[in-house]
Amino acid sequence: MNFLELAQDRYSVRSYSQEPVDDAKIEKILRAGQYAPTALNFQPQKIYVIRSAEAMEKLRFVCRFVKDAPMAMLICYDIEKSWKHAPDRLDSGIMDGTVVATHMMLEAWEEGVGTCFIRGYNNRDIISMFNLPENIKPVCLLAMGYPSETSHPYAKMHGVYRDLEEMVEEL
């Protein structure tokens, strides 16, 4: 599958089989996050792999969107490593973490693994639950696993795209 086909085919998976994701596929997904571009290549990302039954149960307690996913990855950034743009006080960490997560979602799909980008949780709960250091800030969760046989795009708008003429303008 070429990149545009992969990008168009991918959807947020919300129904998973309970088959564990192969370690080799997890490593490829993590490599995609490692290779993702970050501001000035500072690489502030910190990725937590959550797959023990105990950790997943804790996660489900504070984030209902994880549902039946057999595992998740918590994408964070280190505020001590992220690039700061002084004039407007911009911290690139959230953007860097989002780019990292996107690379990981696309590699996962290439490997037959479904993901769902989740931001519907309270950061304080996640930080407390997993005892994250003060310098580590959560960006998102990626629920992850093989799509179930009944998995399908949830959004009615999946596959509907605005015209390029509507969204692109030359300056």
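Which exposed residues does the face of H2 turned away from its buried side carry? They are Asp23, Ala24 and Tyr35, where exposed means over 50% relative accessible area, buried means under 20%, and partly exposed lies in between, with a 1.4 Å probe and protein chains only.

## Basis of the description

This is a predicted model, in which local features need pLDDT of at least 70 and side-chain atom pairs count only at pLDDT 80 or more, while totals for chains, interfaces and linings use all residues. Residues are numbered from 1 along each chain as its sequence is written, and side-chain values use heavy atoms, with hydrogens and water left out.

Helices (H or I, at least four residues) and strands (E, at least two) are DSSP runs numbered from the N terminus.

## Helix H2

Helix H2 takes in residues 23–35, 13 residues in total, and reaches 18 Å from its first C-alpha to its last, close to the 18 Å expected at 1.5 Å a residue; the expected span is 1.5 Å times one less than the number of residues. The buried residues of H2 are Ile26, Ile29, Ala32 and Gly33. Because they cover an arc of only 115° around the axis, they sit on the same side of H2, the arc being that of the directions from the helix axis to the C-beta atoms.

These buried residues pack against strand S1 (45–50), S2, helix H4 (93–110) and strand S6 (136–145), with contact meaning heavy atoms within 4.5 Å.

In helix H3 (53–62), the buried residues are Ala55, Met56, Leu59 and Val62. Seen down the axis of H3, they fall within an arc of 125°, so they line one face of the helix. The cover over the buried residues of H3 includes S1, S2, helix H5 (123–129) and S6.

On the other side of H3, the exposed residues are Ala53, Glu54 and Phe61. Phenylalanine 61 counts as exposed because its relative accessible area is 75%. Between phenylalanine 61 and aspartate 125 there are 9.8 Å in space, C-alpha to C-alpha, although the two are 64 residues apart in sequence.

Buried in H4 are Gly93, Asp96, Gly97, Val100, Ala101, Met104, Met105, Leu106, Ala108 and Trp109. Just after H4, glycine 112 has a positive phi of about 85°.

Isoleucine 47, in strand S1, counts as partly exposed because its relative accessibility is 24%. Leaving aside neighbours within four places in sequence, isoleucine 47 is in contact with Leu30, Met73, Leu74, Ile75, Val100 and Met104. From isoleucine 47 to threonine 102, 55 residues apart in sequence, the C-alpha to C-alpha separation is 13 Å.

## Loop residues

Where does lysine 67 lie? Its place is the loop between helix H3 and strand S2 (71–78), and its phi is near 40°, a positive value in a residue other than glycine. Lysine 67 counts as partly exposed because its relative accessibility is 48%. Arginine 89 likewise is not a glycine and has a positive phi, of about 60°; this residue is found in the loop between strand S3 (84–85) and strand S4 (90–91), and it counts as exposed because its relative accessibility is 79%.

Lysine 81 belongs to the loop between S2 and S3 and is partly exposed, with a relative accessible area of 47%. Not counting residues up to four places away in sequence, lysine 81 touches Phe42, Gln43 and Pro44. The C-alpha atoms of lysine 81 and serine 92 are separated by 9.8 Å, and the two residues are eleven apart along the chain.

## The largest pocket

About 190 Å³ of space lies in the largest pocket. On a 1 Å grid over the protein atoms alone, a pocket is an open set of points where a 1.4 Å probe fits, with protein on both sides within 12 Å along at least five of seven lines, and lining residues have an atom within 4 Å of a point. Points are joined across faces, edges and corners, and a volume is the space filled by probe spheres set on them.

The lining consists of Val13, Arg14, Tyr16, Arg64, Phe65, Val66, Lys67, Cys116, Phe117, Ile118, Arg119 and Tyr154. By class, these residues divide into eight nonpolar, no polar and four charged, where Ala, Val, Leu, Ile, Met, Phe, Trp, Tyr, Cys and Pro count as nonpolar, Asp, Glu, Lys and Arg as charged, and the others, Gly among them, as polar.
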